Amino acid sequence: MTRDRRSTLHSPDALIDVLGARRVLAFGAHPDDVDFGAAATVAALAARGVDVTLCLLTAGDAGGFETGHDRVEMARRRQAEQEEAAAVLGVREVILLDEKDGWVEPTADLIRQIVRVMRQVRPDVVMSPHPERAWDRMQKSHPDHLACGEAVVRACYPAVENPFAFPELAEQEGLEAFKIRHLMLMAAPEERVNLRVEVSGYEDRKLEALRQHFSQHPDPARMEEFVLTRLRRIHAAAGIVDTSSEGPAEGLAGGLAEDFHWVVVNGPDTFAGF
């Protein structure tokens, strides 16, 4: 029987099996983007031996709630906060690019930088903010998030797999073209969500990672309640739990989940780029 992936809740083990995930590269426009969108999933994957790298486009120097702060100092603080959060989740490395917070655009130069990181890491799975605006809650569709998503999607196809795109990366740095297999897009419009990941037991890691971004939370208790409520609602929206590669089981009541728009970039049926 064919099942709608929208209603399927994958366990971390099933997700690894379905995606063939050994190496994940997660992109965020700012520090804390990935922690809000996918921290529990990242922690669950890392705990199972998946190698996770985080790449931030900006240092988040325009964030925070303190007026008149020094942007250089804020960038330093936020980078340190992200390093601490990454350590909580088991992320192997944090890479920081040099885009300006609040002014990210999917330019050719940014796409080149992203392709460079992709070819260095050579992930099976790429995570990123979604490039489409979600009108149900504008806050998850910050313009930098949308621009990050668009740049990452353009890098995933066709740039990273096209040897004629940015050939200097291969010629000067030995970074050869390769194919991304899967995209997991965070903060997706509700109608795009087709994958939910069971993360019960990893909510404490997610909250602990978010707590490291102390410069961004004027009301930490309210933030944590919002996050937990969201995880419960995502789980409740799924009717099937795929607990293993052998098949699905009935849904678990009262659990927690994160959701994504899952895109197969290169799968068994992909033919010559079409």
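A search of the whole structure, which is a predicted model, finds one cavity of 30 Å³ or more. Local features need pLDDT of at least 70 and side-chain atom pairs count only at pLDDT 80 or more, while totals for chains, interfaces and linings use all residues. Residues are numbered from 1 along each chain as its sequence is written, and side-chain values use heavy atoms, with hydrogens and water left out.

**Cavity**
- A cavity is a set of points on a 1 Å grid over the protein atoms alone where a 1.4 Å probe fits but cannot get out, and lining residues have an atom within 4 Å of a point.
- The largest cavity holds about 50 Å³ of space, a volume being the space filled by probe spheres set on the points.
- Its lining consists of A26, V34, D35, V42, V52, L54, Q82, A86, L89 and V91.

**Salt bridges**
- The count comes to 18 salt bridges, each a side-chain nitrogen of Lys or Arg within 4 Å of a carboxyl oxygen of Asp or Glu.
- R92 and D51 pair at 2.7 Å, N to O.
- E258 and K206 also form a salt bridge, with their closest N and O atoms 2.7 Å apart.
- Both E258 and K206 are buried, meaning under 20% relative accessible area, with exposed over 50% and partly exposed in between (1.4 Å probe, protein chains only).
- E224 and R211 meet in a salt bridge at 2.7 Å, N to O; E224 is buried at 17% relative accessibility, whereas R211 is partly exposed at 36%.
- A network of salt bridges links D136, K140, E190, R230 and D259.

Key: 1 Å grid on protein atoms, 1.4 Å probe; cavity = no way out; pocket = protein on both sides within 12 Å on 5 of 7 lines; lining within 4 Å.
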